[in-house]
Amino acid sequence: MQTEYCELCGAPLTKKGRLVQIEGAKPMKVCDKCAKLGTEVQAPRPASAGFGRPTIVRKGSAQVPAAAASRKRDMFDYMEGDIVEDFPKRIAAARQAKGFSQKDLAFVLKMQEGDIKKLERGEREPTEAERKKLEAELGIELLDTGGDADALQQGGVAATTLGDVLQVKRK
């Protein structure tokens with residue numbers, strides 16, 4: 001069994017911890033010491049069958065959790081990493097190395113020339129589809145997967161917690 005830690009101070013949780021809401025933030029699982037800083041809320045109850053009626057379960061139907069069904073997916077759900085900060089320089093340098101003008105690159109990628117200009121000036125980031133087209137045509141990498149940052153946080157306790165950043169005012 002994996003040890004759970006307080007989301008506020010990072011201390012190992014005894015028992016199950018407490019679900020506490022602190023100053024309007026979303027409820028978080030904290031230790032007994034940090035629970036004094038907010039108001040305790042009840043954990044959401046699991047869905048139960050209604051008044052003794054049998055529940056019909058169909059084979060092959062996967063039930064989607066209510067939280068996942070209510071949130072619409074956005075482009076960040078599909079991205080593997082962050083766009084690198086120097087993407088305008090990378091795009092322009094690779095385009096010039098291939099001998100393309102901005103108009104030629106736009107034609108090859110089936111994009112607007114104005115979009116290529118905006119990307120090279122850094123006025124906007126490429127969409128996921130544009131990023132894939134640019135990477136394939138120009139042979140460049142525009143995603144920063146952050147491999148070394150993830151390796152540091154896999155240690156467990158060493159990850160930064162809210163308590164490391166927050167200064168608590170005691171009365």
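**Entry 1: a strand pair**

Which residue in β2 is the bridge partner of Val20? I looked it up and found Met28. Before going further I noted that this is a predicted model, in which local features need pLDDT of at least 70, side-chain atom pairs count only at pLDDT 80 or more, and totals for chains, interfaces and linings use all residues. Residues are numbered from 1 along each chain as its sequence is written, and side-chain values use heavy atoms, with hydrogens and water left out.

**Entry 2: overall**

I counted 9 helices and 5 strands in the protein. Helices (H or I, at least four residues) and strands (E, at least two) are DSSP runs, numbered from the N terminus. Along the sequence the pattern reads β-β-α-β-α-α-β-α-α-α-α-β-α-α. The protein has 171 residues, and 24% of them count as buried; buried means under 20% relative accessible area, exposed over 50%, partly exposed in between (1.4 Å probe, protein chains only). I then looked at contacts (heavy atoms within 4.5 Å). Among those with a separation of 6 or more, 48% join residues 24 or more positions apart.

**Entry 3: the sheet**

I went back to the strands. Three of them form an open sheet in the order β2-β1-β3, with antiparallel pairing. Two strands pair if DSSP finds at least two bridges between them. β2 (28–30) and β3 (39–40) are at the edges with a single partner strand each, so one side of each has no neighbour in the sheet. Strand β1 (residues 18–21) pairs with β2 over 3 bridges and with β3 over 2 bridges. On the β3 side, I found Gln21 opposite Thr39. The hairpin of β1 and β2 has 6 residues between the strands, and Glu23 there takes a positive phi near 45°.

**Entry 4: helix α5**

Which residues of helix α5 are buried? In this helix (residues 102–109) I found Gln102, Leu105, Ala106 and Leu109. They lie on the same side of α5, because they cover an arc of only 100° around the axis; the arc is that of the directions from the helix axis to the C-beta atoms. An α-helix has 3.6 residues a turn, so residues three or four places apart point the same way. On the face turned away from the buried side I noted the exposed residues Lys103 and Phe107. The cover over the buried residues of α5 includes α4 (87–98), α6 (113–121) and α7 (128–138). Just after α5, Lys110 takes a positive phi of about 60°.

**Entry 5: the cores**

I next looked for nonpolar cores, meaning sets of buried Ala, Val, Leu, Ile, Met, Phe, Trp, Tyr and Cys residues joined through side-chain atoms within 4.5 Å. The largest has 16 residues, of which Phe87, Ile91, Leu134 and Leu138 touch the most other members. At least two residues of this core come from each of α4, α5, α6 and α7. A second, separate core has 10 residues, including Leu13, Ile22, Met28 and Ala35.

**Entry 6: Glu130**

Is Glu130 buried or exposed? Glu130 sits in helix α7 and is buried, with a relative accessible area of 12%. Its side chain reaches the backbone nitrogen of Thr127 at 3.0 Å. Leaving out residues up to four places away in sequence, I found that Glu130 touches Met111, Asp115 and Arg124. With the same exclusion, the residues touched by Phe87 also include Arg124.

Conventions: A polar contact is a pair of N or O atoms within 3.5 Å; within protein, one must be able to donate a hydrogen and the other to accept it, and residues adjacent in sequence count only if both atoms are side-chain atoms.
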